[in-house]
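Keep the structure open beside the text as you read.

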Amino acid sequence: MAASGDPGSAESYRSPLAARYASREMCFLFSDRYKFQTWRQLWLWLAEAEQTLGLPITDEQIQEMKSNLNNIDFQMAAEEEKRLRHDVMAHVHTFGHCCPKAAGIIHLGATSCYVGDNTDLIILRNAFDLLLPKLARVISRLADFAKDRADLPTLGFTHFQPAQLTTVGKRCCLWIQDLCMDLQNLKRVRDELRFRGVKGTTGTQASFLQLFEGDHQKVEQLDKMVTEKAGFKRAFIITGQTYTRKVDIEVLSVLASLGASVHKICTDIRLLANLKEMEEPFEKQQIGSSAMPYKRNPMRSERCCSLARHLMALTMDPLQTASVQWFERTLDDSANRRICLAEAFLTADTILNTLQNISEGLVVYPKVIERRIRQELPFMATENIIMAMVKAGGSRQVHRFLEEEVRPLLKPYGNEMAVKAELCL
């Protein structure tokens with residue numbers, strides 16, 4: 001029987017996304033430290049707004065909460081959660097333990113989703129803020145690459161069969177265009193995020209109406225004040241207990257679309273590496289194969305493709321979660337969201353970091369490209385031949401004759417451009 005290990009140790013499973021791939025900044029955003037610090041910040045903002053609007057909360061209580069935002073006893077919280085079977089109340093008690101004077105007003109009028117959902121929205125916004133400059137940086141690097149090779153002709157492929165000429169820079173622009181669409185979509189979804197705000201247990205704000213003795217204006221002010229403190233321009237007007245899980249669908253859909261773009265780009269690079277026309281960076285001491293020392297495997301591009309598939313597959317989680325939320329909310333969203341939201345952003349972070357590394361070190365082999373063009377050039381000439389024949393009064397449908405009679409004649413001549421000239425005459 002395997003020995004049990006402490007979480008985070010070498011004897012226990014750790015997500016490769018956090019342990020191996022994603023940036024420290026993105027991992028911190030989805031850490032317990034950041035999550036529970038944000039819970040405490042939300043409780044402070046709520047207390048400050050309630051005090052401003054006239055509830056009997058003292059400056060001393062506010063100051064006590066401010067002084068203990070980062071003073072989190074994680075062991076105590078874990079023990080409280082084990083006893084209470086409720087994560088939010090476990091942290092209410094833990095916060096109250098180090099804020100005895102403020103303990104009675106922490107979480108006043110709120111429900112668990114006040115801290116849970118609002119924290120998720122803050123994290124999603126901040127995670128987008130980490131991804132957007134990384135994506136812009138990749139676009140910039142690829143734009144430099146495309147500009148430098150704008151005039152380098154290369155053989156185009158359709159169906160991965162030789163087609164007509166394009167340029168290395170023009171092909172790269174196909175990648176850039178897709179990534180620009182992703183940049184636009186990520187920015188749109190980020191900017192459209194709305195705060196859940198202060199809504200109560202079923203979205204009616206009934207508990208806050210009771211606290212403010214039926215003063216609707218003060219309840220609306222409370223919602224607006226906390227929303228502004230959190231840095232959001234808008235809050236949802238309508239919620240159940242949670243913000244609509246359609247938001248999670250939007251978020252993961254644009255990340256999955258980014259994954260599709262990166263997969264296409266890195267697949268192209270892998271195919272070009274096989275043709276020896278282009279390859280990703282290969283370190284001086286890098287080993288391509290433990291058995292075949294001559295191999296130069298495109299392992300970065302392969303990693304991007306592997307993780308992009310995972311990112312695209314994650315969209316099924318929020319789709320199914322949104323579809324099975326009964327009435328104002330059911331808790332079967334919670335465990336699923338803990339996994340899919342974090343994994344989506346950590347995965348997107350990883351593939352962008354890796355793609356930046358690839359885009360900054362792409363290597364092109366012009367002589368290999370030229371050799372392949374020369375091999376196919378006589379066959380590419382057939383399109384020009386057809387057009388010349390039509391201009392001379394012939395029928396375009398003679399292409400069958402070219403395929404069946406002329407193309408076999410070209411093969412023995414290889415690269416001889418005289419063949420093209422002779423036929424055109």
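A residue counts as buried when its relative accessible area is under 20%, as exposed when that area is over 50%, and as partly exposed in between, using a 1.4 Å probe and protein chains only. By that rule, 46% of the 425 residues of the chain are buried. Please bear in mind that this is a predicted model, in which local features need pLDDT of at least 70 and side-chain atom pairs count only at pLDDT 80 or more, while totals for chains, interfaces and linings use all residues. Residues are numbered from 1 along each chain as its sequence is written, and side-chain values use heavy atoms, with hydrogens and water left out.

**Overall architecture**

Contact here means heavy atoms within 4.5 Å. Among contacts between residues at least 6 apart in sequence, 76% join residues at least 24 apart.

A nonpolar core is a set of buried Ala, Val, Leu, Ile, Met, Phe, Trp, Tyr and Cys residues joined through side-chain atoms within 4.5 Å. The largest one in this model has 100 residues, and Trp-43, Val-251 and Leu-255 have the most contacts inside it. Which helix gives the most to this core? That is α7 (residues 112–148), with 16 residues. As general background, nonpolar side chains tend to be buried together in soluble globular proteins.

For the pairs below, axes are lines fitted to C-alpha atoms, for helices over the stretch in contact, and angles run from 0 to 180 degrees between N-to-C directions.

| Helix pair | Axes come within | Crossing angle |
|---|---|---|
| α3 (residues 32–52) and α4 (residues 59–67) | 10 Å | roughly 165° |
| α7 and α8 (residues 168–192) | 9 Å | roughly 165° |
| α5 (residues 74–84) and α6 | 8 Å | roughly 135° |

To put words to the angles, under 35 degrees counts as roughly parallel, over 145 as roughly antiparallel, 65 to 115 as roughly perpendicular and the rest as oblique. A crossing is left-handed if the near helix is turned anticlockwise from the far one by less than a right angle, and right-handed if clockwise. For residue classes, Ala, Val, Leu, Ile, Met, Phe, Trp, Tyr, Cys and Pro count as nonpolar, Asp, Glu, Lys and Arg as charged, and the others, Gly among them, as polar.

With axes crossing at roughly 165°, α3 is roughly antiparallel to α4, and α3 passes α4 in a left-handed crossing. On the α3 side, the contact is made by Trp-43, Leu-44, Ala-47, Glu-48 and Gln-51, and on the α4 side by Asp-59, Ile-62, Met-65 and Lys-66. These residues divide into five nonpolar, one polar and three charged.

The helices α7 and α8 are also roughly antiparallel to each other, and α7 passes α8 in a left-handed crossing. Their contact is made up of 21 nonpolar, one polar and five charged residues.

By contrast, α5 and α6 are oblique to each other, and α5 passes α6 in a right-handed crossing. Here Met-76, Ala-77, Glu-80, Glu-81, Arg-83 and Leu-84 of α5 meet Asp-87, Met-89, Ala-90, His-91, His-93, Thr-94 and His-97 of α6. By class, this contact has five nonpolar, four polar and four charged residues.

**Residues to look at**

Not counting residues up to four places away in sequence, Trp-43 touches Met-65, Val-88, His-91, Val-92, Phe-95, Ile-106, His-107, Tyr-114 and Val-115.

One of those partners, His-107, sits in the loop between α6 (87–98) and α7. His-107 has a positive phi of about 70° although it is not a glycine. Is His-107 buried or exposed? At 12% relative accessibility, His-107 counts as buried.

Phe-327, in the loop between α13 (316–323) and α14 (334–359), also has a positive phi, near 50°, in a residue other than glycine. Phe-327 counts as exposed, at 79% relative accessibility.

Glu-64 lies in helix α4 and is buried, with a relative accessible area of 13%. Leaving aside neighbours within four places in sequence, Glu-64 is in contact with Cys-98, Cys-99, Pro-100, Lys-101 and Ala-102.

Finally, Ser-23 is found in the loop between α1 (16–21) and α2 (24–29). Ser-23 counts as buried at 10% relative accessibility, and, again leaving aside neighbours within four places, Ser-23 is in contact with Lys-134, Asp-349 and Asn-353.

How values were computed:
Helix = DSSP H or I, 4+ residues; strand = E, 2+ residues; numbered from the N terminus.
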